[in-house]
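Okay, thanks everyone, let me get the slide up. I'll walk through the core, then the pockets, then a few local spots along the chain.

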Amino acid sequence: MAWATLVVQIGIVGTGGLVRLTGSGLGCPTWPQCTADSLVNTPEMGIHGVIEFGNRMLTFVLVIVAILMFLFVVRMRRERRDLFWLALSIGLYVPLQAIIGGITVLTNLNPYVVGLHYFASVLLVALSAVLVVRVYATPGPRVLAVPRWYAVTTHVTSVFVLVTVVVGILVTGSGPHAGDGGAARNGLNPEFMQHVHSWPAYITLALTLVLVAGSRRTPPVLRLTLWTGLLLAVEALQIVVGLWQARTGLPIVLVNIHMVLAVMLVAAMTAVVMNLKAPAAAPAHTADS
């Protein structure tokens with residue numbers, strides 16, 4: 001169920017991207033109903049209404065998964081308080097995300113509100129990744145199990161991942177895919193913003209290479225070689241797709257893949273951060289290692 005939580009949170013980013021990229025953001029022109037007179041889309045609304053309303057319905061899938069996850073851990077809330085609070089937080093966050101989605105419609109797809117809607121999904125994916133890692137973790141106190149420099153480099157890398165995602169949201173808000181032909185753009189220069197977006201991305205790549213090389217000197221039980229390798233693979237694919245879409249006029253398929261890869265990048269980075277510590281009973285490096 002933890003894995004299902006992560007999968008559906010990443011999946012909703014893909015379907016939400018489809019709504020924007022097909023110009024279906026106002027396929028249902030109001031919220032919470034689809035129209036002023038109908039809860040669901042009508043045949044007269046065409047394919048845009050189908051796409052937008054279909055994405056809204058997927059929210060119920062997220063709710064069902066969140067409820068099931070919570071029911072699994074509520075019985076162990078005393079011995080696994082971490083899982084209980086993570087599942088509860090995700091469950092409460094899902095309807096909040098739906099409300100933000102409704103506000104994007106009510107504001108006629110204001111690019112900053114749309115960006116906030118995407119960023120809310122970024123946070124949900126990060127929480128879901130934490131949940132997956134903690135499900136497999138030994139409960140109890142944890143201590144730093146890597147050299148101090150490695151931990152600092154990891155956290156700096158996570159900051160640049162966050163900056164890359166935020167700048168990417170601004171790039172999207174300045175570009176052609178507004179979600180509707182009449183939606184406003186944020187007024188930033190899209191070509192210049194693409195260059196700005198690449199700067200933290202390449203810094204993230206350089207730092208990740210350091211993490212991959214340094215992971216060979218970390219305790220095997222942490223499996224940081226695996227997690228940093230996954231992080232590097234996602235980044236490499238993300239860079240390839242980003243360059244490809246920029247040079248081919250931002251085709252819908254590539255832009256949507258780029259959006260999904262961004263939250264997968266966040267999930268991979270979260271996994272690396274979460275595996276810097278080991279149970280207190282296990283041997284760990286000292287701060288001076």
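Before anything else, one term: a nonpolar core here is a set of buried Ala, Val, Leu, Ile, Met, Phe, Trp, Tyr and Cys residues joined through side-chain atoms within 4.5 Å. Buried means under 20% relative accessible area, exposed is over 50%, and partly exposed is in between, with a 1.4 Å probe and protein chains only. Now the housekeeping: this is a predicted model, so to speak about local features we need pLDDT of at least 70, side-chain atom pairs count only at pLDDT 80 or more, and totals for chains, interfaces and linings use all residues. Residues are numbered from 1 along each chain as its sequence is written, and side-chain values use heavy atoms, with hydrogens and water left out.

The largest nonpolar core has 56 residues, and the ones touching the most other members are Leu6, Tyr118, Leu131, Val146, Leu224 and Val263. At least two residues of this core come from each of helix H1 (2-21), helix H2 (46-74), helix H3 (81-106), helix H4 (111-136), helix H5 (148-174), helix H7 (224-247) and helix H8 (252-274). Those helix labels are DSSP runs (H or I, at least four residues; for strands it would be E, at least two), numbered from the N terminus.

Take Val263 from that list. What is Val263 in contact with, leaving aside neighbours within four places in sequence? The partners are Ile10, Val13, Tyr118, Val122 and Val125, where contact means heavy atoms within 4.5 Å.

Thr154 lies in helix H5, and with a relative accessible area of 0% it is buried. Apart from residues within four places in sequence, Thr154 is in contact with Leu211, Met269, Val272, Val273 and Leu276. Then there's Leu83, over in helix H3, which counts as buried at 5% relative accessibility. Not counting residues up to four places away in sequence, Leu83 touches Val73, Met76, Leu131, Arg134 and Val135.

On to pockets. The search runs on a 1 Å grid over the protein atoms alone: a cavity is a set of points where a 1.4 Å probe fits but cannot get out, while a pocket is an open set with protein on both sides within 12 Å along at least five of seven lines, and lining residues have an atom within 4 Å of a point. Grid points are joined across faces, edges and corners, and volume is the space filled by probe spheres set on the points.

How much space lies in the largest pocket? About 940 Å³. Its lining has 42 residues, and Val171, His197, Gly242, Gln245 and His258 lie nearest the centre. Two or more lining residues come from each of H4, H5, helix H6 (190-214), H7 and H8. H6 gives the most, with 10 residues. By class, that lining is 21 nonpolar, 16 polar and five charged. For the classes, Ala, Val, Leu, Ile, Met, Phe, Trp, Tyr, Cys and Pro count as nonpolar, Asp, Glu, Lys and Arg as charged, and the others, Gly among them, as polar.

The second largest pocket has a volume of about 770 Å³. Of the 37 residues lining it, Asn55, Arg56, Thr59, Gly101 and His117 are closest to its centre. Here the elements giving two or more residues are H1, H2, H3 and H4, and H2 has the largest share with nine residues. The lining divides into 21 nonpolar, 13 polar and three charged.

Now the loops. A search of the whole structure finds one disulfide, meaning a pair of cysteine sulfur atoms within 2.5 Å. The pair is Cys28 and Cys34, with sulfur atoms 2.0 Å apart. Why is it called left-handed? Because the torsion about the S-S bond of Cys28 and Cys34 is about -75°. Cys28 is buried, at a relative accessible area of 0%, and Cys34 also counts as buried at 0%.

The peptide bond from Trp31 to Pro32 is cis, with omega near 10°, and Pro32 is in the loop between H1 and H2.

Leu109, in the loop between H3 and H4, has a positive phi of about 60° although it is not a glycine. Leu250, in the loop between H7 and H8, isn't a glycine either and has a positive phi of about 55°.
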